[in-house]
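Subject: Structure handover

Hi,

Here is the structure for you to look through. My notes on what was found in it follow below.

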Amino acid sequence: MKSFRIETPTVQNWSCHGCTACCRGLMMIELSDEEKRRIEGQGWTKEQGVDPATMMVAQKGRFRLGHQSDGACVFLDAAGRCRIHSRFGEAAKPRACRLFPLTLHPVGAKLVVGVRFSCPSAASNAGPALAAQLPALRDVAELVVPDGFAEFPAPAVLREAGLAWPDFLRFVSWLDKIMSTENRPAALKLQRALHWLGAVEKAGFDQVSGREADEILGALSQNAAAELPSNAPAPTPPSSMGRLLFRTLVFTYARRDSIQDLDTSRGRRARMLWAMLQFARASGPVPELIPGLKPVEFSAIENSYSTLPASAEATLTRFFRVKIQSLHFCGRAFYGFPLVEGFQNLALLYPVILWLARWLAAAEDRSSLSEADIERAISLADHHHGYSPILSGAWSRRRVRLLSQRDDISRLCATNHN
(Lines give C-alpha, C1' and ligand atoms only; values in the text may rest on other atoms or scores of the structure.)
Protein backbone atom coordinates (compact mmCIF):
# COMPACT_ATOMS: atom_id res chain seq x y z
CA MET A 1 0.00 0.00 0.00
CA LYS A 2 1.25 3.48 -0.79
CA SER A 3 1.95 5.94 2.01
CA PHE A 4 -1.08 7.53 3.60
CA ARG A 5 -1.85 9.84 6.49
CA ILE A 6 -3.82 8.72 9.54
CA GLU A 7 -5.97 11.16 11.48
CA THR A 8 -7.33 10.32 14.93
CA PRO A 9 -10.13 11.94 16.97
CA THR A 10 -8.85 14.72 19.19
CA VAL A 11 -10.88 13.60 22.20
CA GLN A 12 -10.67 9.80 22.30
CA ASN A 13 -8.52 7.35 24.25
CA TRP A 14 -8.59 3.57 24.08
CA SER A 15 -6.81 0.35 24.87
CA CYS A 16 -8.05 -3.20 25.37
CA HIS A 17 -8.74 -4.03 29.03
CA GLY A 18 -9.61 -7.69 28.47
CA CYS A 19 -13.29 -7.49 29.34
CA THR A 20 -14.07 -10.02 26.53
CA ALA A 21 -17.41 -8.34 25.74
CA CYS A 22 -16.56 -8.52 22.03
CA CYS A 23 -15.94 -12.29 22.29
CA ARG A 24 -19.20 -13.32 23.91
CA GLY A 25 -21.75 -14.04 21.26
CA LEU A 26 -22.72 -10.68 19.75
CA MET A 27 -20.23 -10.57 16.88
CA MET A 28 -19.80 -12.80 13.86
CA ILE A 29 -16.18 -13.01 12.73
CA GLU A 30 -16.19 -13.76 9.03
CA LEU A 31 -12.99 -15.29 7.72
CA SER A 32 -11.15 -14.67 4.49
CA ASP A 33 -9.90 -17.71 2.60
CA GLU A 34 -6.37 -16.98 3.84
CA GLU A 35 -7.53 -16.69 7.47
CA LYS A 36 -9.47 -19.94 7.19
CA ARG A 37 -6.41 -21.78 5.88
CA ARG A 38 -4.18 -20.24 8.55
CA ILE A 39 -6.44 -21.26 11.44
CA GLU A 40 -6.91 -24.75 10.01
CA GLY A 41 -3.13 -25.05 9.89
CA GLN A 42 -2.70 -24.15 13.56
CA GLY A 43 -3.47 -27.74 14.55
CA TRP A 44 -6.25 -27.29 17.09
CA THR A 45 -7.55 -30.33 18.97
CA LYS A 46 -10.31 -31.10 21.45
CA GLU A 47 -7.63 -31.56 24.10
CA GLN A 48 -6.67 -27.90 23.57
CA GLY A 49 -10.28 -26.89 24.09
CA VAL A 50 -11.23 -26.43 20.44
CA ASP A 51 -13.15 -28.96 18.38
CA PRO A 52 -11.88 -28.71 14.76
CA ALA A 53 -15.29 -29.88 13.56
CA THR A 54 -17.09 -26.86 15.02
CA MET A 55 -14.44 -24.15 15.17
CA MET A 56 -15.73 -22.74 11.84
CA VAL A 57 -19.25 -22.46 10.51
CA ALA A 58 -20.24 -22.25 6.85
CA GLN A 59 -22.67 -19.42 6.14
CA LYS A 60 -23.85 -18.21 2.73
CA GLY A 61 -20.79 -19.47 0.92
CA ARG A 62 -18.38 -18.00 3.50
CA PHE A 63 -16.98 -19.17 6.81
CA ARG A 64 -17.07 -17.57 10.26
CA LEU A 65 -15.67 -18.55 13.64
CA GLY A 66 -17.80 -20.95 15.63
CA HIS A 67 -19.18 -20.37 19.12
CA GLN A 68 -19.44 -22.29 22.34
CA SER A 69 -22.76 -23.35 23.85
CA ASP A 70 -22.98 -20.11 25.87
CA GLY A 71 -22.39 -18.00 22.76
CA ALA A 72 -18.75 -17.17 23.45
CA CYS A 73 -16.20 -17.50 20.66
CA VAL A 74 -14.88 -21.01 20.30
CA PHE A 75 -11.35 -19.71 20.92
CA LEU A 76 -12.16 -17.93 24.20
CA ASP A 77 -10.71 -19.92 27.11
CA ALA A 78 -11.96 -20.20 30.70
CA ALA A 79 -9.64 -17.38 31.79
CA GLY A 80 -11.18 -15.02 29.24
CA ARG A 81 -8.24 -15.08 26.85
CA CYS A 82 -8.03 -15.80 23.14
CA ARG A 83 -6.43 -19.17 22.53
CA ILE A 84 -5.07 -18.05 19.14
CA HIS A 85 -3.48 -14.97 20.68
CA SER A 86 -2.02 -16.96 23.57
CA ARG A 87 -0.37 -19.59 21.35
CA PHE A 88 0.56 -17.68 18.22
CA GLY A 89 0.42 -13.97 19.03
CA GLU A 90 -1.91 -11.17 18.00
CA ALA A 91 -0.87 -11.28 14.34
CA ALA A 92 -2.35 -14.78 14.02
CA LYS A 93 -5.87 -13.66 14.89
CA PRO A 94 -8.48 -12.79 12.22
CA ARG A 95 -8.32 -9.21 11.00
CA ALA A 96 -11.77 -8.40 12.36
CA CYS A 97 -10.60 -9.34 15.86
CA ARG A 98 -7.44 -7.26 15.54
CA LEU A 99 -9.38 -4.26 14.30
CA PHE A 100 -12.22 -4.10 16.86
CA PRO A 101 -13.26 -1.61 18.16
CA LEU A 102 -11.33 0.64 15.78
CA THR A 103 -12.91 1.94 12.58
CA LEU A 104 -10.94 3.23 9.58
CA HIS A 105 -12.65 5.36 6.97
CA PRO A 106 -11.05 6.67 3.75
CA VAL A 107 -11.24 10.45 3.36
CA GLY A 108 -9.41 11.35 0.18
CA ALA A 109 -5.71 10.64 0.64
CA LYS A 110 -5.99 10.04 4.39
CA LEU A 111 -7.70 7.65 6.78
CA VAL A 112 -9.74 8.82 9.74
CA VAL A 113 -9.90 6.60 12.81
CA GLY A 114 -12.91 6.12 15.04
CA VAL A 115 -14.05 3.63 17.65
CA ARG A 116 -17.10 1.50 18.23
CA PHE A 117 -18.43 2.47 21.63
CA SER A 118 -19.91 -0.99 22.05
CA CYS A 119 -16.46 -1.63 23.54
CA PRO A 120 -16.78 -0.57 27.21
CA SER A 121 -13.21 0.76 27.25
CA ALA A 122 -14.03 3.07 24.35
CA ALA A 123 -17.19 4.29 26.07
CA SER A 124 -15.27 5.08 29.27
CA ASN A 125 -12.33 6.64 27.35
CA ALA A 126 -9.91 4.27 29.08
CA GLY A 127 -6.35 3.99 27.83
CA PRO A 128 -3.83 6.19 26.02
CA ALA A 129 -4.87 8.72 23.38
CA LEU A 130 -5.42 7.23 19.93
CA ALA A 131 -3.08 9.91 18.60
CA ALA A 132 -0.26 8.23 20.57
CA GLN A 133 -0.88 4.87 18.86
CA LEU A 134 -0.17 5.75 15.23
CA PRO A 135 2.32 2.92 14.53
CA ALA A 136 -0.19 0.28 15.69
CA LEU A 137 -2.99 1.98 13.80
CA ARG A 138 -0.91 1.98 10.64
CA ASP A 139 -0.23 -1.76 11.01
CA VAL A 140 -3.95 -2.48 11.24
CA ALA A 141 -4.73 -0.14 8.35
CA GLU A 142 -2.27 -2.00 6.14
CA LEU A 143 -4.34 -5.13 6.73
CA VAL A 144 -7.84 -3.86 6.07
CA VAL A 145 -7.78 -0.76 3.85
CA PRO A 146 -7.85 -1.49 0.11
CA ASP A 147 -5.44 -0.01 -2.38
CA GLY A 148 -6.92 2.86 -4.32
CA PHE A 149 -8.96 4.15 -1.40
CA ALA A 150 -7.87 7.70 -2.21
CA GLU A 151 -10.08 7.52 -5.30
CA PHE A 152 -13.26 7.02 -3.27
CA PRO A 153 -15.48 10.10 -3.80
CA ALA A 154 -16.89 12.20 -0.99
CA PRO A 155 -20.50 11.45 0.05
CA ALA A 156 -23.36 13.74 -0.83
CA VAL A 157 -24.39 16.45 1.61
CA LEU A 158 -28.06 16.23 0.63
CA ARG A 159 -28.87 14.10 -2.38
CA GLU A 160 -26.34 14.79 -5.13
CA ALA A 161 -22.65 14.15 -4.58
CA GLY A 162 -20.17 16.39 -6.34
CA LEU A 163 -18.07 18.17 -3.73
CA ALA A 164 -14.38 17.43 -3.51
CA TRP A 165 -13.21 16.08 -0.16
CA PRO A 166 -11.84 19.41 1.15
CA ASP A 167 -15.18 21.11 0.55
CA PHE A 168 -17.20 18.21 1.96
CA LEU A 169 -15.04 18.29 5.07
CA ARG A 170 -15.96 21.94 5.63
CA PHE A 171 -19.46 20.72 6.52
CA VAL A 172 -18.01 18.09 8.86
CA SER A 173 -15.75 20.68 10.48
CA TRP A 174 -18.65 23.04 11.18
CA LEU A 175 -20.66 20.20 12.68
CA ASP A 176 -17.76 19.45 15.00
CA LYS A 177 -17.43 23.13 15.93
CA ILE A 178 -21.09 23.24 16.91
CA MET A 179 -20.71 20.11 19.02
CA SER A 180 -17.50 21.34 20.68
CA THR A 181 -19.12 24.45 22.18
CA GLU A 182 -18.17 24.51 25.86
CA ASN A 183 -20.55 24.71 28.80
CA ARG A 184 -23.61 23.72 26.79
CA PRO A 185 -25.63 20.48 27.12
CA ALA A 186 -25.14 17.91 24.39
CA ALA A 187 -28.88 18.04 23.64
CA LEU A 188 -28.74 21.78 22.88
CA LYS A 189 -25.71 21.34 20.64
CA LEU A 190 -27.48 18.60 18.71
CA GLN A 191 -30.54 20.81 18.30
CA ARG A 192 -28.37 23.60 16.94
CA ALA A 193 -26.63 21.23 14.54
CA LEU A 194 -30.02 19.96 13.29
CA HIS A 195 -31.24 23.54 12.88
CA TRP A 196 -28.07 24.40 10.97
CA LEU A 197 -28.42 21.42 8.63
CA GLY A 198 -32.09 22.25 8.12
CA ALA A 199 -31.05 25.71 6.91
CA VAL A 200 -28.47 24.16 4.57
CA GLU A 201 -31.17 21.91 3.14
CA LYS A 202 -33.81 24.61 2.85
CA ALA A 203 -31.47 27.05 1.09
CA GLY A 204 -29.88 24.38 -1.12
CA PHE A 205 -26.37 25.19 0.09
CA ASP A 206 -25.12 21.63 -0.27
CA GLN A 207 -22.79 22.50 -3.16
CA VAL A 208 -21.10 25.59 -1.73
CA SER A 209 -17.32 25.45 -1.75
CA GLY A 210 -14.17 27.36 -0.95
CA ARG A 211 -13.99 30.45 1.25
CA GLU A 212 -17.60 31.29 0.41
CA ALA A 213 -18.67 28.01 2.00
CA ASP A 214 -17.04 28.86 5.31
CA GLU A 215 -18.69 32.28 5.32
CA ILE A 216 -22.13 30.84 4.59
CA LEU A 217 -21.84 27.87 6.95
CA GLY A 218 -20.43 30.08 9.69
CA ALA A 219 -23.33 32.51 9.36
CA LEU A 220 -25.83 29.65 9.53
CA SER A 221 -24.10 28.34 12.64
CA GLN A 222 -24.35 31.73 14.34
CA ASN A 223 -28.01 31.92 13.40
CA ALA A 224 -28.67 28.47 14.89
CA ALA A 225 -27.10 29.60 18.19
CA ALA A 226 -29.23 32.76 18.17
CA GLU A 227 -32.43 30.88 17.34
CA LEU A 228 -31.76 28.28 20.05
CA PRO A 229 -30.28 30.11 23.04
CA SER A 230 -29.37 28.27 26.21
CA ASN A 231 -32.16 30.04 28.09
CA ALA A 232 -34.89 29.10 25.61
CA PRO A 233 -38.35 28.31 27.03
CA ALA A 234 -39.51 24.76 27.59
CA PRO A 235 -39.48 22.80 24.31
CA THR A 236 -42.55 21.68 22.44
CA PRO A 237 -43.11 17.95 23.12
CA PRO A 238 -42.74 15.52 20.21
CA SER A 239 -45.90 14.64 18.33
CA SER A 240 -47.79 11.52 19.33
CA MET A 241 -46.67 9.92 16.06
CA GLY A 242 -43.11 10.98 16.82
CA ARG A 243 -43.21 9.33 20.23
CA LEU A 244 -44.55 6.13 18.69
CA LEU A 245 -41.89 6.07 15.98
CA PHE A 246 -39.22 6.79 18.56
CA ARG A 247 -40.23 3.85 20.75
CA THR A 248 -39.97 1.51 17.75
CA LEU A 249 -36.46 2.88 17.23
CA VAL A 250 -35.57 2.22 20.88
CA PHE A 251 -36.78 -1.36 20.43
CA THR A 252 -34.42 -1.78 17.45
CA TYR A 253 -31.41 -0.50 19.39
CA ALA A 254 -32.25 -2.24 22.66
CA ARG A 255 -32.72 -5.77 21.40
CA ARG A 256 -29.77 -8.13 21.45
CA ASP A 257 -29.61 -11.06 19.08
CA SER A 258 -26.88 -13.50 20.06
CA ILE A 259 -25.35 -16.09 17.77
CA GLN A 260 -27.78 -18.68 19.11
CA ASP A 261 -30.67 -16.45 18.08
CA LEU A 262 -29.69 -16.48 14.39
CA ASP A 263 -31.33 -19.86 13.99
CA THR A 264 -34.23 -18.70 16.06
CA SER A 265 -37.32 -20.65 16.71
CA ARG A 266 -40.83 -19.46 15.98
CA GLY A 267 -41.19 -18.98 19.71
CA ARG A 268 -38.48 -16.33 19.82
CA ARG A 269 -39.86 -14.56 16.76
CA ALA A 270 -43.26 -14.47 18.45
CA ARG A 271 -41.70 -13.05 21.64
CA MET A 272 -39.92 -10.33 19.65
CA LEU A 273 -43.15 -9.41 17.89
CA TRP A 274 -44.96 -9.22 21.22
CA ALA A 275 -42.13 -7.09 22.66
CA MET A 276 -42.33 -4.70 19.72
CA LEU A 277 -46.07 -4.30 20.27
CA GLN A 278 -45.43 -3.53 23.94
CA PHE A 279 -42.99 -0.80 22.95
CA ALA A 280 -45.57 0.62 20.55
CA ARG A 281 -48.23 0.69 23.29
CA ALA A 282 -45.84 1.92 26.01
CA SER A 283 -47.94 0.45 28.78
CA GLY A 284 -47.14 -2.11 31.42
CA PRO A 285 -43.61 -3.43 31.96
CA VAL A 286 -40.79 -3.02 29.45
CA PRO A 287 -39.84 -6.44 28.02
CA GLU A 288 -36.44 -7.75 29.13
CA LEU A 289 -34.53 -7.44 25.86
CA ILE A 290 -31.11 -6.96 27.41
CA PRO A 291 -29.73 -9.60 29.78
CA GLY A 292 -29.54 -8.30 33.32
CA LEU A 293 -32.16 -5.59 32.92
CA LYS A 294 -35.27 -6.55 34.79
CA PRO A 295 -38.64 -5.43 33.43
CA VAL A 296 -39.83 -2.09 34.79
CA GLU A 297 -42.87 0.04 34.00
CA PHE A 298 -42.67 2.23 30.91
CA SER A 299 -43.82 5.13 33.07
CA ALA A 300 -40.76 4.68 35.31
CA ILE A 301 -38.49 5.16 32.31
CA GLU A 302 -40.32 8.00 30.61
CA ASN A 303 -40.65 10.15 33.73
CA SER A 304 -38.25 13.07 34.21
CA TYR A 305 -34.93 12.36 35.89
CA SER A 306 -32.50 14.65 37.64
CA THR A 307 -29.98 16.77 35.73
CA LEU A 308 -27.10 14.87 34.18
CA PRO A 309 -23.75 15.20 35.95
CA ALA A 310 -21.13 17.24 34.08
CA SER A 311 -19.03 14.12 33.51
CA ALA A 312 -21.96 12.42 31.72
CA GLU A 313 -22.47 15.50 29.53
CA ALA A 314 -18.78 15.37 28.64
CA THR A 315 -19.09 11.67 27.74
CA LEU A 316 -22.05 12.34 25.46
CA THR A 317 -20.27 15.22 23.74
CA ARG A 318 -17.18 13.06 23.22
CA PHE A 319 -19.28 10.29 21.72
CA PHE A 320 -20.88 12.56 19.13
CA ARG A 321 -17.65 14.37 18.31
CA VAL A 322 -15.81 11.09 17.69
CA LYS A 323 -18.59 9.94 15.38
CA ILE A 324 -18.42 13.24 13.49
CA GLN A 325 -14.63 13.47 13.30
CA SER A 326 -14.34 9.86 12.10
CA LEU A 327 -17.22 10.27 9.60
CA HIS A 328 -18.96 7.34 11.26
CA PHE A 329 -22.38 8.73 10.38
CA CYS A 330 -22.47 9.07 6.59
CA GLY A 331 -21.01 7.81 3.33
CA ARG A 332 -19.29 4.43 3.13
CA ALA A 333 -19.11 4.29 6.93
CA PHE A 334 -22.89 4.51 7.34
CA TYR A 335 -24.85 2.66 4.65
CA GLY A 336 -23.93 5.26 1.97
CA PHE A 337 -26.19 7.89 3.55
CA PRO A 338 -25.74 11.59 2.68
CA LEU A 339 -24.36 13.82 5.44
CA VAL A 340 -27.71 15.38 6.43
CA GLU A 341 -29.62 12.10 6.62
CA GLY A 342 -26.74 10.40 8.40
CA PHE A 343 -26.54 13.12 11.03
CA GLN A 344 -30.28 12.91 11.65
CA ASN A 345 -29.78 9.20 12.42
CA LEU A 346 -26.84 10.05 14.66
CA ALA A 347 -28.76 12.74 16.56
CA LEU A 348 -31.53 10.23 17.29
CA LEU A 349 -29.03 8.23 19.29
CA TYR A 350 -29.16 10.93 21.97
CA PRO A 351 -32.77 10.26 23.07
CA VAL A 352 -32.16 6.52 22.59
CA ILE A 353 -29.14 6.66 24.92
CA LEU A 354 -31.04 8.67 27.54
CA TRP A 355 -33.98 6.23 27.37
CA LEU A 356 -31.67 3.25 27.86
CA ALA A 357 -29.83 5.01 30.69
CA ARG A 358 -33.11 5.66 32.49
CA TRP A 359 -33.98 1.99 32.03
CA LEU A 360 -30.69 1.06 33.67
CA ALA A 361 -31.40 3.40 36.58
CA ALA A 362 -35.05 2.34 36.94
CA ALA A 363 -33.98 -1.32 37.03
CA GLU A 364 -32.04 -0.44 40.20
CA ASP A 365 -34.82 1.71 41.64
CA ARG A 366 -32.85 4.93 41.11
CA SER A 367 -34.28 8.24 39.94
CA SER A 368 -30.99 9.87 38.96
CA LEU A 369 -28.54 9.03 36.21
CA SER A 370 -24.83 8.45 36.65
CA GLU A 371 -21.93 8.65 34.24
CA ALA A 372 -21.80 4.84 34.36
CA ASP A 373 -25.45 4.68 33.18
CA ILE A 374 -24.61 6.90 30.23
CA GLU A 375 -21.49 4.93 29.34
CA ARG A 376 -23.33 1.61 29.37
CA ALA A 377 -26.27 3.05 27.43
CA ILE A 378 -23.85 4.37 24.79
CA SER A 379 -22.27 0.91 24.51
CA LEU A 380 -25.69 -0.69 24.09
CA ALA A 381 -26.85 1.79 21.45
CA ASP A 382 -23.64 1.91 19.45
CA HIS A 383 -23.59 -1.86 19.02
CA HIS A 384 -26.02 -1.51 16.12
CA HIS A 385 -25.15 1.96 14.79
CA GLY A 386 -23.80 1.58 11.28
CA TYR A 387 -23.81 -2.22 11.42
CA SER A 388 -27.40 -3.44 11.68
CA PRO A 389 -29.00 -4.00 8.25
CA ILE A 390 -32.36 -3.11 9.80
CA LEU A 391 -31.26 0.50 10.24
CA SER A 392 -30.48 0.90 6.55
CA GLY A 393 -33.78 -0.51 5.31
CA ALA A 394 -36.56 1.40 3.59
CA TRP A 395 -38.79 1.46 6.68
CA SER A 396 -36.02 2.74 8.93
CA ARG A 397 -35.14 5.54 6.50
CA ARG A 398 -38.79 6.50 6.16
CA ARG A 399 -39.12 6.61 9.95
CA VAL A 400 -36.26 9.10 10.20
CA ARG A 401 -37.72 11.23 7.40
CA LEU A 402 -41.09 11.34 9.16
CA LEU A 403 -39.45 12.36 12.42
CA SER A 404 -37.43 15.04 10.65
CA GLN A 405 -40.43 16.46 8.79
CA ARG A 406 -42.26 16.94 12.08
CA ASP A 407 -39.17 18.44 13.77
CA ASP A 408 -39.50 15.53 16.17
CA ILE A 409 -35.78 14.68 16.15
CA SER A 410 -34.93 18.03 17.72
CA ARG A 411 -37.91 17.79 20.09
CA LEU A 412 -36.90 14.30 21.19
CA CYS A 413 -33.39 15.56 21.96
CA ALA A 414 -34.82 18.47 23.96
CA THR A 415 -37.44 16.58 25.92
CA ASN A 416 -35.10 13.68 26.73
CA HIS A 417 -32.56 16.13 28.15
CA ASN A 418 -32.61 15.97 31.91
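Start with one pair of side chains. Arg-411 and Asp-408 meet in a salt bridge, at 3.9 Å from N to O. Keep in mind that this is a predicted model. Both residues sit in helix H18 (residues 408-415). They are 3 residues apart there, so about one helical turn separates them. Their surroundings are worth a look. Asp-408 is buried, at 0% relative accessibility. Arg-411 is partly exposed, at 25%.

Why can such pairs form? Side chains of opposite charge can pair when their charged atoms come close.

How many salt bridges does the structure hold? The count is 15. Some share partners: Arg-5, Glu-7 and Lys-110 are joined into one network that way.

Two other pairs reach across the sequence.

- Arg-95 and Glu-35 form a salt bridge, with the closest N and O atoms 3.4 Å apart. This pair links distant parts of the chain, 60 residues apart. Arg-95 is in helix H3 (residues 95-99), and Glu-35 is in helix H1 (residues 33-40). Glu-35 counts as buried, at 3% relative accessibility. Arg-95 counts as partly exposed, at 35%.
- Glu-201 and Arg-159 form a salt bridge too, their closest N and O atoms being 3.9 Å apart. Glu-201 lies in helix H7 (residues 186-203), while Arg-159 lies in the loop between helix H5 (134-144) and helix H6 (165-179), so the pair ties together parts that are 42 residues apart in sequence. Arg-159 is exposed, at 62% relative accessible area. Glu-201 is partly exposed, at 34%.

Now the cysteines. How many disulfides does the structure hold? The count is 0. A disulfide is a covalent bond between the sulfur atoms of two cysteines. The cut-off used here is 2.5 Å between the sulfur atoms. For Cys-97, the closest cysteine sulfur is in Cys-73, 6.4 Å away, so it is too far for a bond. For Cys-330, the closest is in Cys-413, at 18 Å, which is also too far. Cys-330 is buried, with a relative accessible area of 2%. Cys-97 is partly exposed, at 28%.

Last, the surface. Which residues form a nonpolar patch there? They are Leu-273, Trp-274, Met-276 and Leu-277, with about 400 Å² of accessible area together. Leu-277 is found in helix H11 (residues 266-281). Leu-277 counts as partly exposed, at 40% relative accessibility.

Best wishes

How values were computed. Residues numbered from 1 in each chain as written. Predicted model: local features only at pLDDT ≥ 70, side-chain atom pairs only at ≥ 80, totals over all residues. Heavy atoms only, no water. Buried < 20%, exposed > 50% of the residue type's maximum accessible area, 1.4 Å probe, protein only. Patch = residues over 30% accessible without salt bridge, like charges linked within 9 Å, V, L, I, M, F, W, Y side chains within 5 Å. Areas by Shrake-Rupley, 256 points an atom, 1.4 Å probe, with all protein chains shown as cover. Salt bridge = Lys/Arg side-chain N within 4 Å of Asp/Glu carboxyl O. Helix = DSSP H or I, 4+ residues; strand = E, 2+ residues; numbered from the N terminus.
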